[in-house]
There are 2 protein chains.
Amino acid sequence: MDSDIIKARETFIAGISRISHFWGFPKAMGAIYGAIYLSPEPLSLDELVKQVGISKGAVSTNVRTLERFKIINKHYKVGDRKDYYSADKNFWQTIKNILKEREKTEFDLALRSVSESLKIVNESKTDKSDAETAEFYKDRLQSMQSFFNQLDNIVATVIALDDLRVTSIKKLFGKKN
Amino acid sequence: MDSDIIKARETFIAGISRISHFWGFPKAMGAIYGAIYLSPEPLSLDELVKQVGISKGAVSTNVRTLERFKIINKHYKVGDRKDYYSADKNFWQTIKNILKEREKTEFDLALRSVSESLKIVNESKTDKSDAETAEFYKDRLQSMQSFFNQLDNIVATVIALDDLRVTSIKKLFGKKN
DNA sequence: TATATCGTTTAGTTTAAACTAAACGTTCAA
DNA sequence: TTGAACGTTTAGTTTAAACTAAACGATATA
């Protein structure tokens, strides 16, 4: 294959790896996604091993995560036991899928830990000396709880949006007004 | 101090640590922020060492990062060589500050790496056999470039918003319509 | 000038995440 | 029924990030 094509792919994959790592995913996961995204045909596990240069085990686990997040798609071919993976260009959907996955776990958990702290303070029978501190805690914890709730709402709303509305939001932000 | 108050604080700090770690920051950084956020008075470095239970060096570096991101504020007292740190409740501003810092580095860099790949493909004199692949690459890379540009616009817009407009956006999303 | 008190930096260590190599279970074809 | 071709799992290793302990420079105080 043409060396420029190869160079372009390598540059791209390196970039995606970095982004992946930056957002808390393994670098290899980004590289795998990059290879799949830039392939005209769905790729098999062994082809990914060859292209990305990591072990079969690592490709297997990373590919599974990518699939769970609905970032890539799995394909079967009749009379072929291999699995093939592809990616599409709908990034907004991809982002939504990631958010959906994260909301289920971390967003929710963050909110709960603040709420629990608040509950403890609210239910504590504060003796005179700590009353002031308790009030301060309540105020601060409530503020954060409120913020998390708003954030949760935003995420939930974005997830629920259909593509038409996503477009309108893009317009909303894009116009810079 | 009242044991419930202590329990509430520990629960809170553990939660914030987890969030911090989840978004790619050190756990200790979250713990430090949590301690500062929940303190009625600005805290000194040594007080943080005591409250959070990590070494002075670690507190020093983490606190510096927090300050660089404008997540906490530094205070001086006359006739006192210690530095004191406080946090406020304006989370939207905090998020904006984090985004601002990240946009300068990673957002920008992501966009550039895709653009560079695209440039390589565009400038390559593709021989017959790879022409189709080159076209596919161009299409895919352009799609991602476009997406990144939109994302960059959104982030830049959010950063540029004043608080009034942030409120309106919160309303926009919060209504769930 | 000597000493104590700061925050920072550095060298070395710890730790947790992510990888490799290899064994494994399953499926299918000969 | 044997063996090849899959993807997955596991035990062990590597690696990079983040920590600790201690030295350090700077500044204030006695």
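**Sheet in chain B**

I started with the strands of chain B in this predicted model. Three of them form an open antiparallel sheet in the order S1-S3-S2; strands are DSSP runs of E with at least two residues, helices are runs of H or I with at least four, and both are numbered from the N terminus. Two strands pair if DSSP finds at least two bridges between them. Strand S1 (43-44) and strand S2 (73-77) of chain B are the edges, each pairing on one side only. I then looked at S2(B) and S3(B), which pair over five bridges in the antiparallel sense. In S3(B), B:Asp80 stands opposite B:Lys77.

**Conventions**

I noted that residues are numbered from 1 along each chain as its sequence is written, with chains lettered from A and ligands numbered from 1 in the order written. Local features need pLDDT of at least 70 and side-chain atom pairs count only at pLDDT 80 or more, while totals for chains, interfaces and linings use all residues.

**Cores**

Next I looked up the nonpolar cores, meaning sets of buried Ala, Val, Leu, Ile, Met, Phe, Trp, Tyr and Cys residues joined through C-beta atoms within 7 Å. Buried means that 20 or more other C-beta atoms, placed from the backbone, lie within 10 Å of a residue's own. The largest core has 33 residues, and B:Ile32, B:Tyr33, B:Ala35 and B:Ile36 have the most contacts inside it. Helix H5 (91-123) and helix H6 (131-160) of chain A each supply at least two of its residues, as do H1, H2, H3 and H4 of chain B. H2(B) gives the most, eight residues. Another core lies apart from it, with 32 residues, including A:Met29 and A:Val52.

I also checked B:Ile36: leaving out residues up to four places away in sequence, it touches B:Leu43, B:Ile72, B:Tyr85, B:Ser86 and B:Ala87 (contact: C-beta atoms, placed from the backbone, within 7 Å).

**DNA strand C**

I found 22 residues around DNA strand C, the closest being A:Ala28, A:Ser55, A:Gly57, B:Leu45 and B:Gly57 (near: C-beta atom, placed from the backbone, within 6 Å). H4(B) gives the largest share of this surface, five residues. By type I have five nonpolar, eight polar and nine charged residues; Asp, Glu, Lys and Arg count as charged, Ala, Val, Leu, Ile, Met, Phe, Trp, Tyr, Cys and Pro as nonpolar, and the others, Gly among them, as polar.

**Symmetry**

Last, I superposed the copies: a rotation of 180° with 0.0 Å of shift along its axis brings chain A onto chain B, RMSD 0.1 Å (least squares on C-alpha atoms of residues with pLDDT of at least 70 in both). The two copies are thus related as by a two-fold rotation axis.

Technical notes. A residue is buried if 20 or more other C-beta atoms lie within 10 Å of its own, exposed if 12 or fewer, and partly exposed in between; C-beta atoms are placed from the backbone. Two residues are in contact if their C-beta atoms, placed from the backbone, lie within 7 Å.
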